[in-house]
Amino acid sequence: MPYGRAVTSRPAAGGGRWVEVDPTRVARWVEGFADRHGPPTTTIEAYGLLLAAPDGATAELHTPPGAPAAADVPGFVAAAAAPRRLGLLLARKGAVAVGVAAGAELVVSKVDTRYVQGRTAAGGWSQQRFARRRDNQAKAALADAVELAGRLLLPAAPTLSALVGGGDRRAVDTVLAERRLAPLAALRAERLLDVPEPRHAVLVGAIAAARAVRILVRDAQPTEA
């Protein structure tokens, strides 16, 4: 969810669309859904709540990282909007950014960038040499990321409601596979944020995306004549 945006939308695989809503706007969004499609019934699901409208439209409200489950919309809204501490681990290529957010505020942060050579079109021995150099640079960058996560996030683990990763999934997986970071891996949320190369501004913007409520909306299918 881009920083500063209250609602964003994108197509969903298999049909429908994903809507990301700021926690403070969820109640208003549900009211709008009811106005458009009729008062929905609410069902508790593993991911959160399912709203099913009389006209056949549905909205899946997915509980955001670190928030407790809820049995109804008011409880869901209160849980989603409540301040909680989230860990952030963003990794892509040679850059890593880690942080701790208390509610919507970034209270701990560190960004580290290490040069990783781009791919080369050269062939033969030169290509192999560049590939080895690039691999060594990438490994060094990931080692830095592990050290940074251990230094800043690991001490905060007992206070975190969840850890949210972002950027390159393989890089985040590799960092959290380090044995000493097991307490952080245990807190990892399923959500992976789509972010550019980590910078401080990207880390700040990731807070809104980590706290956003994701809603899968499927409109009613037209009836055949």
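**Helices and their buried sides**

Visitor: Against which elements do the buried residues of α2 pack?

Guide: Buried means a relative accessible area under 20%, exposed means over 50%, and partly exposed lies in between, with a 1.4 Å probe and protein chains only, while a contact means heavy atoms within 4.5 Å. Helices (H or I, at least four residues) and strands (E, at least two) are DSSP runs, numbered from the N terminus. On those terms, the buried residues of α2 pack against α1, β3 (41–45), β4, β5, α6 (200–211) and β11.

Visitor: What should I know about the model before going on?

Guide: This is a predicted model, in which local features need pLDDT of at least 70 and side-chain atom pairs count only at pLDDT 80 or more, while totals for chains, interfaces and linings use all residues. Residues are numbered from 1 along each chain as its sequence is written, and side-chain values use heavy atoms, with hydrogens and water left out.

Visitor: How many helices and strands does the protein chain have, and what share of its residues is buried?

Guide: The protein chain is made up of six helices and eleven strands. Among its 225 residues, the share that counts as buried is 42%.

Visitor: What arc do the buried residues of α2 cover?

Guide: The buried residues in α2 are V73, F76, V77, A79 and A80. The arc is that of the directions from the helix axis to the C-beta atoms. These residues lie on the same side of α2 because the arc they cover around the axis is only 170 degrees.

Visitor: Within what distance of the backbone nitrogen of G75 does a side-chain oxygen of D72 reach?

Guide: The place to look is the start of α2. A polar contact is a pair of N or O atoms within 3.5 Å, where within protein one must be able to donate a hydrogen and the other to accept it, and where residues adjacent in sequence count only if both atoms are side-chain atoms. Here the side-chain oxygen of D72 comes to within 2.8 Å.

Visitor: How far does helix α1 reach from its first C-alpha to its last?

Guide: Helix α1 covers residues 26–37, which makes twelve residues. The expected span of a helix is 1.5 Å times one less than its number of residues. For α1 the expected value is 16 Å, and the model comes close to that, at 16 Å.

Visitor: Which exposed residues does α1 carry on the face turned away from its buried side?

Guide: V26, W29, V30, G32, F33 and H37 are the buried residues of α1. Seen down the axis they fall within an arc of 160 degrees, so they line one face of the helix. The face turned away from that buried side carries R28, E31 and D35.

**Side chains in detail**

Visitor: How are the rings of W29 and F33 arranged?

Guide: A pair of aromatic rings is described by the distance of the centres and the angle of the planes. Rings of Phe, Tyr and Trp (its six-membered ring) pair if their centres lie within 6.5 Å, and planes under 30 degrees apart count as stacked, over 60 as edge-to-face and the rest as tilted. W29 and F33 lie four residues apart in α1, about one turn of the helix, and both are buried. With 5.7 Å centre to centre and 15 degrees between the planes, the pair is stacked.

Visitor: Which side chain is joined to that of H37 by a polar contact?

Guide: H37 lies in helix α1 and is buried, with a relative accessible area of 16%. Leaving aside neighbours within four places in sequence, its contacts are A53, P54, D55, A57 and D219. The polar contact, at 2.8 Å, joins H37 to D55.

Visitor: Is T24 buried or exposed, and which side chain does it meet in a polar contact?

Guide: T24 is found in the loop between β2 and α1, and with a relative accessible area of 62% it is exposed. A polar contact of 2.5 Å joins its side chain to that of D22.

Visitor: What is the relative accessibility of L51?

Guide: L51 is found in strand β4. Not counting residues up to four places away in sequence, L51 touches several residues, including V30, F33, L61 and V73. L51 counts as buried, its relative accessibility being 0%.
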